[in-house]
Amino acid sequence: MSNARTPFVVRFFSATGRTGWIALVLFALLTIVAVPVCHLMFQEGDALFISTFYVTLIGKIMCYAIVAVAMDLIWGYAGVLSLAQGLFFALGGYAFGMYLMRSIGLDGVYQSHLPDFMVFLDWKEYPWFWAFTDSFVYAIFLAIAAPGLLAFIFGFFVFRSRVKGVYFAIISQAMLYAFLLLFFMNNTGFGGNNGFTDFKRILGYDITSPEMRATLFALSSATLMFALIFGRYVVTSKYGRILTAIRDAEMRVMFLGYNPLWYKLFIWTVAAIICGIAGALYVPQVGIINPSEMATANSIEIAIWAAIGGRGTLVGPAIGAFVVNLSKSWFTVAFPEYWLYFLGLLFVLVTLLLPQGLVGLYQQLRARSTR
Amino acid sequence: MSDVTTDTSNIKAEASSTATTPKNDDVILEIANISVSFDGFKALNDLSMKFMRNELRCIIGPNGAGKTTMMDCITGKTRPDEGTCTFNNTVDLSLLTEAEIALVGIGRKFQKPTIFESHTVFENLELAMKTDKTVFFSLFAVVDDVMRDRISDTLKKVNLGEHADQLAGRLSHGQKQWLEIGMLLMQDPQLLLLDEPVAGMTDDETERTGELFNSLKGKHSLVVVEHDMDFVAQLKSMVTVLDQGAMLCEGEMAAVQADPRVIEVYLGR
């Protein structure tokens with residue numbers, strides 16, 4: 001049990017319990033050691049070789065899992081159903097994508113220092129908001145600051161007006177849709193419909209090299225694990241208890257002297273930043289970012305991952321992201337026409353039969369076996 | 001986020017500076033000529049009242065008399081159309097948010113027990129405790145031994161000592177009422193507003209609640225809205241009768257019960 005004298009670092013990391021740490025260490029051995037080694041040290045045809053396809057697929061799903069953890073913080077713990085997490089994810093992706101576009105240098109189709117789509121629009125120089133994006137560090141900063149700032153401003157006004165529940169969900173979706181339309185336009189300066197693609201390198205290294213893929217893969221895994229550790233600290237802190245109290249009885253919290261505005265705004269902004277970081281990791285792995293990431297269906301799917309995995313458990317939504325996306329990649333090959341029906345069915349079944357999601361099912365089974 | 005930190009600390013400083021010389025003949029809360037109407041219905045009609053420091057006051061009246069609306073006006077849940085509520089002679093409550101009103105030292109219990117059902121009884125009291133209520137502080141806060149002692153003291157006061165680690169949602173109705181009263185005590189407010197605190201309690205629980213309130217006399221100001229006449233009699237306090245959003249009469253329980261106007265609108269029915 002921690003007390004007032006326990007250093008913060010110890011409290012931060014010990015919020016994740018023993019089982020949690022065992023799982024994290026195993027996950028780290030698998031994703032930071034085993035997969036990169038298998039990808040780099042073995043060749044096509046070796047039994048232990050893991051192909052680029054799988055490294056990219058799992059790396060991508062780990063980015064989704066990070067988003068799912070953020071979704072759980074805001075939905076599972078604070079009770080705020082956001083249908084805009086895909087926007088923050090895409091903004092982080094676009095921010096890092098700007099750096100990737102500038103790293104193409106003169107290797108584009110038009111051999112210009114400008115990205116191809118700007119040449120196509122007959123632009124002569126970069127718009128002001130592309131300033132400094134040739135810097136890697138600034139791009140990382142932007143991937144955090146852009147979604148964070150947008151979330152802070154939007155959240156401030158919406159939470160201050162005490163917009164809640166389904167109304168909040170609708171307003172967040174409206175914002176998402178507005179940005180979707182904005183990014184679809186060629187004149188916005190983000191490549192319109194096609195977005196950014198044809199990336200060549202990061203910090204001078206070839207983006208398609210196995211080493212780069214393994215590095216991005218390990219980074220995604222490390223970020224996911226950090227998101228889980230950070231999330232666990234936040235939800236077990238007094239702040240986290242107040243957050244769930246706001247979810248359950250906001251009036252009572254207010255009359256105890258807490259201002260729910262700042263409590264919701266903090267987790268909302270943090271969740272947006274986490275999504276932005278996930279987006280920045282996602283784009284170099286899949287090699288493209290375009291407005292379809294802001295499609296309303298994508299953001300709804302994020303909520304489905306969380307519900308299927310188990311809201312209010314942190315690890316549940318991450319598992320949900322894996323389960324849904326792995327079945328998606330199998331389904332879309334085996335029965336491409338039926339994926340959406342299957343997803344809908346899965347969501348309905350989980351909502352009806354497993355209100356606590358897969359993690360809740362596991363907990364029930366364990367409680368039954370120990371009885 | 002820093003804005004709100006300075007805001008609330010100013011209010012606290014103000015509240016504590018006025019609280020440094022508490023005298024029992026001070027007015028703790030003055031309601032002056034407040035009116036509230038909902039879609040043409042006058043819930044409060046030019047109501048004026050004064051509450052003294054460390055006084056226990058009961059408010060009775062028929063349904064729709066404006067008792068709960070009055071509490072809503074004091075705690076910022078409803079803004080009066082006219083009139084003001086002044087706390088400690090200096091603080092104009094109409095300028096503050098609900099949370100800021102709580103921080104200056106006004107605690108409120110709702111008619112329906114409102115507690116955090118998915119937290120333990122201990123955690124409910126922990127969250128209610130008088131302390132820095134900013135996000136930054138809460139992120140790093142740790143429960144120390146002093147707080148633990150305060151919480152267990154309060155648990156004893158509200159007869160929940162055995163239930164510290166139980167989920168609050170599992171408590172009986174009467175225990176939930178007690179827990180909410182306990183949360184108010186953890187806030188250490190100067191003024192407690194209690195809306196039907198013994199509704200749904202057994203006779204035994206009601207009597208123990210009466211004992212608790214009597215023990216709080218002289219330490220806090222209490223305003224109790226109640227329908228249970230035996231309970232009001234047990235508190236042996238000044239009684240104010242409200243009817244149709246205005247004050248009907250005020251006095252000792254016996255005098256009020258004998259007042260023909262009160263019998264007409266309320267007790268006689």
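**A short tour of a two-chain model**

Hi everyone, let's start in chain B, where four strands make an open sheet, running in the order β2-β1-β4-β5 with antiparallel pairing. Do keep in mind that this is a predicted model. At the edges of the sheet sit β2 (41-52) and β5 (91-92) of chain B, each pairing on one side only.

Let's look inside the sheet. Strand β1 of chain B, residues 27-38, and strand β4 of chain B, residues 82-87, are joined by five bridges in the antiparallel sense. If you'd like one pair to find on screen, take Ile31(B): its bridge partner in β4(B) is Cys85(B). There's also a helix packed on this sheet: α2 of chain B, residues 67-75, which touches β1, β2 and β4 of chain B. The direction of α2 makes about 65° with that of β2(B).

Now for the nonpolar core. How many residues does the largest one have? It has 176, and those with the most contacts inside it are Ile66(A), Val67(A), Ala68(A) and Val69(A). Helix α10 of chain A, residues 260-286, gives the largest share of this core, with 18 residues. Ile66(A), leaving aside residues up to four places away in sequence, touches Thr223(A), Leu224(A), Ala227(A), Ile274(A) and Ala278(A).

Last, the place where the chains meet. Here 28 residues of chain B are in contact with 24 residues of chain A. On the chain B side, the elements giving two or more residues are α3 (98-104), α4 (121-128), α5 (135-140) and α7 (173-187). By class, that side has 15 nonpolar, seven polar and six charged residues.

Methods. Residues numbered from 1 in each chain as written. Chains lettered and ligands numbered in written order. Predicted model: local features only at pLDDT ≥ 70, side-chain atom pairs only at ≥ 80, totals over all residues. Pairing = 2+ DSSP bridges. Contact = placed C-beta atoms within 7 Å. Axes fitted to C-alpha atoms, helices over the stretch in contact; angles between N-to-C directions. Core = buried A, V, L, I, M, F, W, Y, C linked by C-beta atoms within 7 Å. Buried ≥ 20, exposed ≤ 12 C-beta atoms within 10 Å, placed from the backbone. Nonpolar A, V, L, I, M, F, W, Y, C, P; charged D, E, K, R; others polar.
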